[in-house]
Amino acid sequence: MNTLSVKSRTKTELIDITAEVQNIVHKTGVKEGMCFVYVPHTTAAVTINENADPSVRKDIVDEMNKIVPWDDNYAHMEGNSAAHIKATLFGATSAIPISKGRLSLGTWQGIYFCEFDGPRNREVLVQTVKSE
Ligand code: ZN
């Protein structure tokens, strides 16, 4: 098991972790298999989306904040229900096939750590499974 440390700087943001995950895949030596990226937090998540135009990330964050507003008479006493809801919509896990030692991402895809209740110090677990 490999752990990435991620430091978020704002309340809601998507942080590109593609290079760090690829580096872990390289270190494990797995050439053919699967890479699992797991976020062990209840107010953060992981997603795969466009890594070319940064405005896509901004649009995702802006629209998520409209779909799930921070204040909406939530029952959860901690006051961060919006973050829990966003985290569960995005999910805690991404699985990416590994081929020839590389993540099989599409040309425009990147792996993003999704912060929904930052800023915080976070962890991302990365596990590779060999299939050859
Ligand atoms: Zn909470």
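Visitor: In which helix is T18 found?
Guide: This is a predicted model, and its residues are numbered from 1 along each chain as its sequence is written. Local features need pLDDT of at least 70, side-chain atom pairs count only at pLDDT 80 or more, and totals for chains, interfaces and linings use all residues; side-chain values use heavy atoms, with hydrogens and water left out. Helices (H or I, at least four residues) and strands (E, at least two) are DSSP runs, numbered from the N terminus. T18 is found in the run of residues 18–28, which is helix α1.

Visitor: Is T18 buried or exposed?
Guide: Under 20% relative accessible area is buried, over 50% is exposed, and anything in between is partly exposed (1.4 Å probe, protein chains only). Because T18 has a relative accessibility of 15%, T18 counts as buried.

Visitor: Which side chain has a polar contact with that of T18?
Guide: A polar contact is a pair of N or O atoms within 3.5 Å; within protein, one must be able to donate a hydrogen and the other to accept it, and residues adjacent in sequence count only if both atoms are side-chain atoms. Leaving out residues up to four places away in sequence, T18 touches L103, L105, G110 and I111 (heavy atoms within 4.5 Å). The polar contact, at 2.6 Å, joins the side chain of T18 to that of D16.

Visitor: How wide an arc do the buried residues of α1 cover?
Guide: The buried residues of α1 are T18, V21, Q22, I24 and V25. They lie on the same side of α1, because the directions from the helix axis to their C-beta atoms cover an arc of only 155°.

Visitor: Which elements do the buried residues of α3 pack against?
Guide: Helix α3 runs over residues 81–90, and its buried residues are S81, A82, A83, K86 and A87. These pack against β4 (44–50) and α2 (54–67).

Visitor: Which residues coordinate the zinc ion?
Guide: Donors are N, O and S atoms within 2.8 Å of the metal (3.2 Å for Na, K and Ca); water is not among the atoms, so sites may look incomplete. The spacing of the donor residues in sequence is H-x1-E-x1-N-x3-H. At 1.9 to 2.2 Å, the zinc ion is coordinated by H76 (NE2), E78 (OE), N80 (OD1) and H84 (NE2).

Visitor: What kind of site does the zinc ion have?
Guide: Four donors are tetrahedral if all angles lie between 85 and 135 degrees; four are square planar and six octahedral if opposite donors are over 155 degrees apart and all others between 65 and 115; anything else is irregular. With angles of 93 to 145° among its four donor atoms, the site of the zinc ion is irregular.

Visitor: How many bridges pair β3 with β8?
Guide: Y38 stands opposite L125 in β8. Strand β3 covers residues 33–38 and strand β8 residues 121–130, and the number of bridges in their antiparallel pairing is six.

Visitor: Which residue has its backbone nitrogen 2.8 Å from a polar atom of the side chain of E32?
Guide: E32 sits in the loop between α1 and β3, and its relative accessibility of 31% makes it partly exposed. Although E32 and T128 are 96 residues apart along the chain, their C-alpha atoms are separated by 9.7 Å. The backbone nitrogen in question belongs to K100.

Conventions
Two strands pair if DSSP finds at least two bridges between them.
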